[in-house]
Each structure stands twice: as structure tokens, then as C-alpha cells.
Amino acid sequence: NADYFQSSMMGVIIRNGELLRSRSASSRNLLIVDRNGDLSVIVDRKAEKPAALAERLMGEQVWQTFEFGPELLRGGVPVEFSKAFKLVSKGKLIREPRTAIGQVGPLHYMILVVDGRKPGYSMGMSLQEMQAVFAAHGASVAFNLDGGGSSTLYFMGKIIHRPGAGKQREVSDMIYFK
């Protein structure tokens, strides 16, 4: 999965170098994959109007964008989360099934897919715990993607974990490597 962009009509969405949408983005962060495959994140969405941001990114030949978040690491350091992202419920960190991507070096990425909501098997991870995993493995940039029931990891054509609903949820988009 990636950002499930068809469930929300917000944000600046570029796929394979083509601009699909340019609308306001509420509180989400924007993951950018440039033409070299490098990851970066835009957190402050008020600095540029969506049409101007889309025009700038297209001019920079951005290959992909993903509207979700939050950003987990910048420069290899865990970032402070915006209040827009709920981190605690009833005094405890929120643990969920999650999917995230990080970049360790040029064309060197980490994908983290975490099961959850399954007592006795997996309770999931908090965003803070995900930050720690990416930092411990040397990621310079890390970004939380759509998770929950959408978290599915395929390897060599097979699902290699236990998706939340016991099967893969249909999603509108994904990140894949070939």
C-alpha cells in the first residue's frame, strides 16, 4: 500500500511523473520521490498553495508524491510530531498495524510493515517506536504510509505476514520495487 489516495480527494498527487491532483492537503505531510529516487518530505503545507506546489514539483520532474504521514525522520533524527497526528489514547501510545518507508542511501530503502490489533500475536507499533527502528537502521528519511487493514507486504508474489482482516484489503495504490 501507499497513501490510499482515492479515499481522500485532498493533496498534490503525482504518479510516474504525471500530475493527477492538486488540492489543499489539510494536515497531512507530503512524501516526495524525486527523479533520482531520493526521498524528502514537505511538512509545512501552508507555505505554498497547492497549484503552485504542484507546478514547482512538476518543474523539478518529481516522480511520485504520497499524501499521508507523519514524517518520522529527517537527517537521520526523529522529528517532533504535529498535534494533527494522534499519538496517545487514554494515556497510552497508540499501537496500530503500520507501513512505512525509509531511505538509507542512494536507491537503498527500508520498508517496515507491522501487524497489529491481534492480542497474543501483535499489538502493532506506535509512531515513536517506528522512528526508533528506522533510526537504529541508519535511515536518513522515514515516512509513515497508510496502515491499518491496508498494511500488506508481498515478497516474491506472496504475502509474508498476517494482514489485519486475515486477507489483503483492496487499495488504490502501492509502492513496489522490481
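Before the first stop, one definition: two strands count as a pair if DSSP finds at least two bridges between them. Also keep in mind that this is a predicted model.

**The whole chain.** Start with everything shown. The protein chain has two helices and 14 strands. Buried residues make up 45% of its 178 residues. Its accessible surface comes to about 10000 Å², and 55% of that belongs to carbon and sulfur atoms.

**Strands β3 and β5.** Now select residues 29–33, which are strand β3, and residues 64–68, which are strand β5. The two pair in the antiparallel sense, over five bridges. To see how they line up, click on Asn29: it stands opposite Phe68 in β5.

Keep β5 selected. Is this strand enclosed or open? Five of its five residues are buried, so β5 is largely enclosed by the rest of the structure. In a regular strand, side chains alternate between the two faces of the sheet. Here both faces are covered: Gln64, Phe66 and Phe68 are buried on one side, and Thr65 and Glu67 are buried on the other.

**Thr65.** Zoom in on this residue of strand β5. The cut-off for buried is under 20% relative accessible area. Thr65 has 0% relative accessibility, so it counts as buried. What does its side chain reach? Look for the backbone oxygen of Val12, at 2.7 Å.

**An open sheet.** Next, pick out five strands in the order β7-β6-β12-β10-β11; they form an open sheet with antiparallel pairing. The edge strands are β7 (77–78) and β11 (108–114), each pairing on one side only. Select residues 71–74 to find strand β6, which pairs with β7 over two bridges. In that pair, Leu73 stands opposite Pro78.

Nonpolar side chains tend to be buried together in soluble globular proteins. Select Leu72, Leu112, Met130 and Phe134: of the 14 residues in the largest nonpolar core, these touch the most other members. The elements giving two or more residues to this core are β6, β11 and α2 (127–136).

Apart from this core lies another one, of 10 residues, including Leu31, Leu39, Val41 and Leu145.

**Last stop: Phe134.** Which residues does Phe134 touch? Leaving out residues up to four places away in sequence, its contacts are Leu72, Leu73, Ala100, Ile101, Gly102, Met110, Leu112, Ala139 and Ala142.

Technical notes:
Residues are numbered from 1 along each chain as its sequence is written. This is a predicted model: local features need pLDDT of at least 70, side-chain atom pairs count only at pLDDT 80 or more; totals for chains, interfaces and linings use all residues. Side-chain values use heavy atoms; hydrogens and water are left out. Buried means under 20% relative accessible area, exposed over 50%, partly exposed in between (1.4 Å probe, protein chains only). Helices (H or I, at least four residues) and strands (E, at least two) are DSSP runs, numbered from the N terminus. A polar contact is a pair of N or O atoms within 3.5 Å; within protein, one must be able to donate a hydrogen and the other to accept it, and residues adjacent in sequence count only if both atoms are side-chain atoms. Accessible areas come from the Shrake-Rupley method with a 1.4 Å probe; for residues, only the protein chains shown count as cover. A nonpolar core is a set of buried Ala, Val, Leu, Ile, Met, Phe, Trp, Tyr and Cys residues joined through side-chain atoms within 4.5 Å. Contact means heavy atoms within 4.5 Å.
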